[in-house]
Amino acid sequence: MPELLVDFISSLDGYAAAEGWPGWWGLQGPEYLAWLGEQPEADYTILMGATTYRVMSRFVAAGEPGTDALVGMPKVVFSTTLSEPFSWANTELVAGEAVEAVREMKTEGSKSMRTIGSLTLCRSLLNAGLVDRFRVVVFPVITGRSGRERIYDRYPDVALEMIGSRTFDGRIQLLEYVPTILAGPPGNNTANP
């Protein structure tokens with residue numbers, strides 16, 4: 001069965017972006033950019049919502065370092081506000097319910113998927129039990145005053161089993177986990193099967 005990877009970049013305090021800060025908080029280094037250039041999961045279909053599509057397509061158009069690899073990858077945008085044709089190549093629109101579409105892609109498809117940003121989409125996919133792997137790249141900044149888009153607001157309680165980690169450029173942390181949604185605090189035998 002195809003895998004679904006939720007993929008975030010984050011400030012240390014859990015924000016996906018910050019007002020006035022450049023992409024990657026201006027801290028992308030050569031090791032991190034090289035890893036992006038290696039195109040991890042290059043054969044995966046990228047899933048995103050309308051807001052992330054708008055932001056990322058602007059980054060690509062502006063030549064933001066590390067985004068050029070995304071151009072050739074297949075992308076699915078879940079939106080009722082956007083319409084085709086898209087300016088970003090290899091992009092398909094799904095106007096229907098995202099959870100059901102992804103469930104069908106996992107059970108009937110053969111291609112693994114990953115998200116980019118898309119906080120609401122990721123939260124709904126996790127709540128539906130569709131996420132196989134959870135990856136966070138943590139940048140060493142705290143954006144308490146300027147941070148926007150808190151990643152984990154309204155998430156369920158989730159136990160994370162670490163399956164990998166890596167440090168880029170002596171400061172950026174990549175953390176990979178297998179998530180398990182919890183019905184309550186750990187230690188009470190309340191993990192959902």
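## Thr-143 and its surroundings

Setting aside residues within four places of it in sequence, Thr-143 touches Ser-11, Asp-13, Tyr-15, Ala-18, Trp-21 and Trp-25. Keep in mind that this is a predicted model. Thr-143 sits in the loop between E7 and strand E8 (147-150), and with a relative accessible area of 1% it is buried.

Take Trp-25 from that contact list. How far apart are the C-alpha atoms of Thr-143 and Trp-25? They are separated by 9.5 Å, although the two residues are 118 residues apart along the chain.

## Aromatic pairs

Trp-25 turns up again among the rings: together with Trp-24, Tyr-32, Trp-35, Phe-139 and Phe-168, it belongs to a cluster linked by ring pairs. Across the structure there are 12 aromatic pairs.

Phe-8 belongs to strand E1 (residues 4-11) and Phe-134 to strand E7 (residues 133-139), so the pair ties together parts that are 126 residues apart in sequence. Buried or exposed, what is Phe-8? Phe-8 is buried, at 2% relative accessible area, and Phe-134 counts as buried too, at 4%.

## How H3 meets H4

Now for a pair of helices. H3 (residues 98-108) packs against H4 (residues 119-127) at an angle of about 60°, and the axes are 10 Å apart. That angle makes H3 oblique to H4, and the crossing is right-handed.

Which residues of H3 and H4 meet? On the H3 side you'll find Ala-98, Val-99 and Val-102, and on the H4 side Leu-121, Ser-124 and Leu-125. Sorted by type, the residues of this contact come out as five nonpolar, one polar and no charged.

A few spots are worth a click if you're checking the backbone. Glu-84 and Pro-85 are joined by a cis peptide bond, with omega at about 5°. Pro-85 lies in the loop between strand E4 (75-78) and strand E5 (91-94).

Then there are positive phi values in residues other than glycine: Glu-149 has phi near 65°, and Arg-154 has phi near 65° as well. Glu-149 is in strand E8 and counts as partly exposed, at 38% relative accessibility. Arg-154 is in the loop between E8 and strand E9 (158-168), and with a relative accessible area of 65% it is exposed.

Notes:
Residues are numbered from 1 along each chain as its sequence is written. This is a predicted model: local features need pLDDT of at least 70, side-chain atom pairs count only at pLDDT 80 or more; totals for chains, interfaces and linings use all residues. Side-chain values use heavy atoms; hydrogens and water are left out. Axes are lines fitted to C-alpha atoms, for helices over the stretch in contact, and angles run from 0 to 180 degrees between N-to-C directions. Helices (H or I, at least four residues) and strands (E, at least two) are DSSP runs, numbered from the N terminus. Angles under 35 degrees count as roughly parallel, over 145 as roughly antiparallel, 65 to 115 as roughly perpendicular and the rest as oblique. A crossing is left-handed if the near helix is turned anticlockwise from the far one by less than a right angle, and right-handed if clockwise. Contact means heavy atoms within 4.5 Å. Ala, Val, Leu, Ile, Met, Phe, Trp, Tyr, Cys and Pro count as nonpolar, Asp, Glu, Lys and Arg as charged, and the others, Gly among them, as polar. Rings of Phe, Tyr and Trp (its six-membered ring) pair if their centres lie within 6.5 Å; planes under 30 degrees apart count as stacked, over 60 as edge-to-face and the rest as tilted. Buried means under 20% relative accessible area, exposed over 50%, partly exposed in between (1.4 Å probe, protein chains only).
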